[in-house]
Amino acid sequence: MVDNTLAQVGHNLSQAMRILDSSAMNPLTDGRRSRSSIPAPLQGDGQDVASILDLVHHLIHEEEEEEESVQTQGQQVGEQAHMALLGHSLAAYISVLPRDRLRSIATRILSDSTLWLCRLFRYENASAYFHEDDRDGLVRVCRLVLHARYEEYPSEGYGAFTSKQPVIYLSASCRPGLGQHLCGQLGLPLSSLCTVPCNTMFGSQHQMDVALLDKLVQEDLDSGKLPLLLIANAGTPAAGHTDKLSRLKELCDQNNMWLHVEGVNLATLALGNLSSPVMAAARSDSLTLTPGLWLGLPAVCAVTLYRHEDPVRSLSAGLMSSGPLEKLRALPLWLSLQYLGHSGIVQRIQHATALSQQLQQKLKSLTSIQTSVEDELSSPVVLFKFSPDRSSELSGGSVQSYCPTEKEVLHTFNRWLGQELARLVPSCGVDVVELEDEGFCVRFSPLLTAAVLGTQPEDVQRLVDTLTELIPLLSSTVALRQDFREQALRLRHTLTYLEERDWAGLGAVRYEPEPEGLDEEHRSHKGQHINRELLKRLQELDPDISFCSGPEESDTACVYVGMVSDDVDVVQLLDTIAAMGRDIDDSGRLLENMSEVVRRGIQEAEQQLQKSSEEKLMEEGVLRQLPIVGSVLNWFSPVQSAIKGQSFNLAAGSLDSTETTYSTRAQSGRTPAKDTPTSSATRQPGQKIFRRSGENTDSFSETSSAGQPEELRLNSNTPPVVSESALTESALTDHPHQDEGSSVQGESAADQGESAADQGESAADQGESAAVQGESAAVQGESAADQGESAADQGESAAVQGEAALTTADQQMEQRAR
């Protein structure tokens, strides 16, 4: 008999997963939905399944579509993951069955799952509690122990602890906040927690100190307290180390304490070849497993296995599920375990441990890499970090031999290394952890990531190759960092060195403009502008070196230099930064001074033009200013004007005579633009900036420091400084009357008009070229362009006047001939 409803549940789930996994479905392309339309009220007639799945798809990929950034590799939803998702749908379907049938199915699922897990992880004759929060099982176990050790606890509650206060012991390497969570859920004071330090003299620095624990237990017994429970680690959350479980179990038996074990290394209990430290976890009183993480099963609950013979106390502590719906929590795991089978589960765990061993073997051949692995044969967690002193073992140095400042810098570099590896090789799932003694380290824990990301041996090899490429970069940057600081302090009159220990790079500097009598606010604003422009030019100068403005929260514009190779010349780099900063500063100062000079020159020119107009009026008289009368008078009695034409020199900001221009038909006062001086040794094509020349390198001869600023300005895309001689001279010409005949006057005026038009076009071209310059020369370029266009208009006007005068002269000559 086929259950049509059950078949429909599976079909609907497959259809929904197919739609949600489809990358072609994008609700934002057709504009039907937007972020603002999500919190809309319910529609009266409801929506169909396709529209609802459309909305869910939008919610899942909303941030990816808006940010348009590169996303890290997400979880691979395989067949076993589909089985887990199907389990959630089936649990909802089974919950509507008749109660007797529901109870029978839930009990069968719970008993099967418990039996399979106990046999798989070698924890026989135990009960299981399935819970969503992986800490909830430990809370229920603590409540069970309280019920067992305090007979009056069910009736008196906290009052039962007045005779003897319970004490819970946990390692200092446990996950943060675990003890506080227990006390909050159980209603115990924080004084009931006892944190046991880890080993400091012998053994792993992440293992609980058993001798010190024994001493603490005896002190609590002597003070009238009751040692209740000990939480041990089979794989610490950060380093993956396992406590000495055998000795801890003996200590707990001597003092009648409950031993609870948790950690990622418990997954290796399913393997055939076990190490003795993890094997001892099978003798503990309880342990918490997270098979969903180890096997890549989404939304699968955690499991706490425990041994206790009193079912009444287990029920009162909440470890036994009384309702059938609670027992259905195991249904997704029940389906997944059957789909994978015993061999499939062991194979996945074995694959993860093999990846760890592969990476560990590869790291042994890398210099400047220090590993921290507890058990080289079977440890599923590998910790490594960059340590430059390892390359010279003869020195006998270590990270501990560094001064506090250098250790802090190394921690910053290791944090950067972990972030880069996670970005470049996302399929390996490495992350950065901070340990109390070692600082920042890179962690590779495939038991938590391999099943989710689908990590394969070739991914581990790619991780090693990427690490091999980054190590020389780290080593050279660490070696040159002190030299960068010293050279920056040498240029303290121009550059300010910033002591940024949290910056993973060569260092940071800030250009300081000259005071020049400016107030602090104006000087700070000017410095911000110069440093921003300096950063833009440096980013275009050498793409192999990373230049950035530093942390986003920083309000001060600075130049942060990132990782560099060992052939970088720090002296040349800083000299170039200082020279380029002065270049930008001088350009801005020249622009300000030029603007003031031009403004004053224009005012003086207006006054002189006004004065010339008045003198012209007094000399020629009023009648000659009339259009027709003036032409007749000039015909019968030509005027020899003493007023000469004038042109405005934009560079000097003054009015100059046009007599030379008319006589030579060339613009007066104009000198050819000089080329920017360059150094004697210019950079050849293909040569990289800031690189030292060597015998075995392909770079060219090193340039002198005196020619660096000019050389860089010629060989980069940065705009050069505009000199005064290269500025456009706009001719605002006041044309005089000609003392000769109208024909000569017309020809001269036409020539002047053409010359002025050419000058205007040249000035317009120069203005457009100046406009391409950076933000600092934008105002200058726009001004030059406007002046050029004005001069062009004046030139065209003068040309028209010249042609009209020439036409008039021809007509008058014809009249004379008649």
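Modeller: Strands (E, at least two residues) and helices (H or I, at least four) are DSSP runs, numbered from the N terminus. This is a predicted model, where local features need pLDDT of at least 70 and side-chain atom pairs count only at pLDDT 80 or more, while totals for chains, interfaces and linings use all residues. Residues are numbered from 1 along each chain as its sequence is written, and side-chain values use heavy atoms, with hydrogens and water left out.

Biologist: Switching topic: which residues have the most contacts inside the largest nonpolar core?

Modeller: Phe130, Tyr169, Leu213, Val261, Leu266 and Leu305, in a core of 70 residues. A nonpolar core is a set of buried Ala, Val, Leu, Ile, Met, Phe, Trp, Tyr and Cys residues joined through side-chain atoms within 4.5 Å. Buried means under 20% relative accessible area, exposed over 50%, and partly exposed in between (1.4 Å probe, protein chains only).

Biologist: Which helix gives the largest share of this core?

Modeller: Helix H14 (residues 331-363), with ten residues. Apart from this core lies another one, of 30 residues, Leu366 and Val382 among them.

Biologist: How many aromatic pairs are there?

Modeller: Seven in the whole structure. Rings of Phe, Tyr and Trp (its six-membered ring) pair if their centres lie within 6.5 Å; planes under 30 degrees apart are stacked, over 60 edge-to-face, the rest tilted. Trp116 and Trp334 are a stacked pair, 6.4 Å centre to centre with 10° between the planes. Trp116 is in helix H4 (residues 99-120) and Trp334 in H14, 218 residues apart.

Biologist: Is Trp334 buried or exposed?

Modeller: Trp334 is buried, because its relative accessible area is 18%. Trp116, at 30%, counts as partly exposed.

Biologist: Why is the Tyr150 and Phe161 pair edge-to-face?

Modeller: Because their planes are at 70°, with the ring centres 4.9 Å apart.
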